[in-house]
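Please open the model in your viewer and keep the selection tool at hand. The tour moves from one selection to the next.

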Amino acid sequence: MLQKPVLIFLFGILLISCSQKEPVPFEDIPESYPVLRQVLEHPETYKAQILYTQIDRDSVGNPVFKDFNVGLDDQVYFYPASTVKLPVAILALEWLAAQNIVGLTAKSIMLSDSIRPSQIPALVDSSAENNLPSIAQYIKKILLVSDNDAYNRLYELLGQDYINTKLKEKGLNHTIINHRLSMPMTEEENRHFNPIRFVDSVGNVLMEIPARETSEIYANTDRPTIGKAYYSNGEQVNTPMEFTFKNKFALSDLHGVVQRIIFPGKFSPEQRFQITEADRKFILKYMSMLPLESDYPKYELPEFYDSYSKFFKFGTDKNPIPERFRIFNKTGNAYGHLLDGSYFVDYETGTEFFVSAVIYTNADETLNDDVYEYDSIGFPFFAELGEYLYQLELKRKKENSPDLSSFRFSYK
């Protein structure tokens, strides 16, 4: 029989081991996160999906992933909004590298013409230092403030066939990209792509691309619908809105795109984006840059505050984000949906993790009426979720601290 001092000692060890046990994500959310608790308690209302990846490092610094999720279902349709801009921006650099044309770079002048009534030319760009459009300038605007026109121009450059084929090759099997954004076009018009010319600084043509179209139909064959009613041309239509010819980008695919650009070595060569390391650094820099840190394009307060497109942890706060934090991400916001796919870093504590989430905030189930619960539910959900996971990460014991120096950039 064990003596009493030994029992007390063993009980003490048990208490210490229990106190050091890592918390289980999304189990017993504290009351200090009321909106997060509300959303998770009502999955049918908010249709939230969360994908969280813990990152540990082995003895030589290689990342090891461990995934957790809530409500994740690649078969459940939600509107991905602006998150589709991230893979298109990266693919524009992959396409460019494959052209292998002397003098053709991401900074080359890109002139979009039009041959159809629905198309709009783009021959100038007032946000650029030289007032001329380019792939690089479009990517900057996409990643800094989610510019719709910038995405449309890269969509027109690449076309549906290239975009969808390349994403499928990379194992992103729950994605369909088939339309421009904020342009009232039919699905047929979205299958036509503008003629484009690349020229150098003195006007010499580097590459000329004719107008193109695709005969392939990229559609959601299950004909998903959302809501109970929607507005069209100012009139209310009392049926669910159909999304057959709308973009699809499952949360696991969004998460996977962020992971592929952050840690490409975690994926097989055919699943990576085929871009140079310089191009990868360019994407990472502008994924993490804050609007006010940019000169060309230039963004100013009060519209473009730090958390304008950084929802996790800071989504309800318009104050400056402390320099110790960087978020490499892409957000989306439309039809009552809010989304964010992120790699979150705290340089001071060595904290790093991936988190992607989507929430639906549309209590009246009417689309296009501009009555959504973004401010009361959506942004607080992301702020609380980000803070909750950040605090969870601070408590996690890690055998090896990460070297985050490769994710530090000069934003001047």
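What follows is a walk through a predicted model, beginning with a sheet and going on to salt bridges.

Together they form an open sheet of three strands in the order 11-10-17, with mixed pairing.

Next, turn to the salt bridges, of which the structure holds 20. Select Lys166 and Glu169, which both lie in helix 6 (residues 148–169), three residues apart, about one turn of the helix; their closest N and O atoms are 3.7 Å apart. Lys166 counts as partly exposed at 22% relative accessibility, and Glu169 as partly exposed at 45%.

Now select Arg324 and Glu348, whose salt bridge has its closest N and O atoms 3.5 Å apart. This pair links distant parts of the chain, with Arg324 in the loop between helix 8 and strand 14 and Glu348 in the loop between strand 15 and strand 16. Arg324 is partly exposed at 25%, whereas Glu348, at 60%, is exposed.

Finally, select Asp56, Glu393, Arg396 and Lys398, which are linked in a network of salt bridges. Within this selection, Glu393 and Lys398 meet at 3.4 Å, N to O; Glu393 is buried at 2% relative accessible area, while Lys398 is partly exposed at 22%.

How values were computed: Residues numbered from 1 in each chain as written. Predicted model: local features only at pLDDT ≥ 70, side-chain atom pairs only at ≥ 80, totals over all residues. Heavy atoms only, no water. Pairing = 2+ DSSP bridges. Helix = DSSP H or I, 4+ residues; strand = E, 2+ residues; numbered from the N terminus. Salt bridge = Lys/Arg side-chain N within 4 Å of Asp/Glu carboxyl O. Buried < 20%, exposed > 50% of the residue type's maximum accessible area, 1.4 Å probe, protein only.
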